[in-house]
Amino acid sequence: MEFKLKTPLKAEDIGKLNTGDVVYISGTIYTARDRAHQRIIQEGAPHDLEGSVIFHAGPIIKIEKNKNSTDSLKVTDAEMVAVGPTTSTRMNPFQRETVERGVLAVIGKGGMDDDTSQALVENNAVYLAAVGGCAALYVKTVKSIKNVHWLDLGVPEAIWELEVDNFGPLVVAMDSKGSNLYKKVENNIKSRNK
């Protein structure tokens, strides 16, 4: 099935999603990689996580020519050139705690571990797979950069708050019921090789 969701996400929307469904998201999403996840856990998030969507991505940002430093960077000085998924396994050590803080959807590539899968079940959340190599496609759905947090981590590691319209396509790869497309594929391969 295909679903169009708006942020902040609601628990009842997440409960309808099953592995294999295709999702498009409109509203606000936040990029975050491992260093941002670690800081969220250590210091708390710089934004409300309730019903939020975290995208495992380090966007390519074009900064206005007269900017010599990111210290005084404003979002009006930045233009997003591309935004594609980064490998989600890097966030495994931090994902449970961020999901427990209210995140209802995580977007990335490559899947996540069993602990994250269990956290998704316990917190009625999902993992959405983005297609690698589609950064130019995904950036077309970004309507604006609303804010940027923690630029001291560097441009790719900062949290970029994005306003998106029909961001996707995304595939539900790990749902809130414990189903996991990556495990299904792995099991199919094992059964063929017997």
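Of the 194 residues of the chain, 52% count as buried, where buried means under 20% relative accessible area, exposed means over 50%, and partly exposed lies in between (1.4 Å probe, protein chains only). The structure is a predicted model, in which local features need pLDDT of at least 70 and side-chain atom pairs count only at pLDDT 80 or more, while totals for chains, interfaces and linings use all residues. Residues are numbered from 1 along each chain as its sequence is written, and side-chain values use heavy atoms, with hydrogens and water left out.

The secondary structure comes to six helices and nine strands; helices (H or I, at least four residues) and strands (E, at least two) are DSSP runs, numbered from the N terminus. Contact is taken as heavy atoms within 4.5 Å. Among contacts between residues at least 6 apart in sequence, 66% join residues at least 24 apart. The chain exposes about 9,100 Å², of which carbon and sulfur atoms supply 49%; accessible areas come from the Shrake-Rupley method with a 1.4 Å probe, and for residues only the protein chains shown count as cover.

In soluble globular proteins, nonpolar side chains tend to be buried together. A nonpolar core is defined here as a set of buried Ala, Val, Leu, Ile, Met, Phe, Trp, Tyr and Cys residues joined through side-chain atoms within 4.5 Å. The largest such core has 35 residues, and the members that touch the most others are Met80, Ile107, Leu128, Trp160 and Leu170. Strand β9 (residues 159-174) provides the largest share of this core, six residues. Apart from this core lies another, of 20 residues, with Met112, Leu153, Ile159 and Met174 among them. Within the largest core, Leu128 touches Val23, Ile25, Ala105, Val106, Ile107, Gly108, Leu170, Val171 and Val172, when residues up to four places away in sequence are not counted.

Isoleucine 159, a member of the core of 20 residues, is found in strand β9. Isoleucine 159 is buried, with a relative accessible area of 0%. Its contacts, leaving aside neighbours within four places in sequence, are Tyr30, Thr31, Ala32, Ala36, Ile40, Pro46, His47, Asn147, Val148, His149 and Trp150. The C-alpha atoms of Ile159 and Arg33 are separated by 8.1 Å, although these residues are 126 residues apart along the chain.

Helix α2 is followed by Gly44, whose phi is positive, near 95°.

Arg39 also lies over the face of Trp150, at 5.1 Å from the ring centre. The charged end of Lys4 sits over the ring of Tyr24, 5.0 Å from its centre. A charge sits over a ring if NZ of Lys or CZ of Arg is within 6 Å of the ring centre and within 35 degrees of the ring normal.

In helix α4 (residues 114-122) lies Thr116. Threonine 116 is buried, with a relative accessible area of 1%, and is in contact with Asn92 and Gln95, leaving aside neighbours within four places in sequence.

Several backbone features were also identified. A cis peptide bond joins Thr7 and Pro8, with omega about -5°, and Pro8 is found in the loop between β1 (2-6) and α1 (11-15). The peptide bond from Gly168 to Pro169 is cis as well, with omega near 10°; Pro169 lies in strand β9. Asn124 is not a glycine but has a positive phi of about 50°. Asn124 is placed in the loop between α4 and β7 (126-129) and is partly exposed, with a relative accessible area of 23%. Asn166, likewise not a glycine, has a positive phi of about 55°. Asn166 is found in strand β9 and is partly exposed, with a relative accessible area of 28%.
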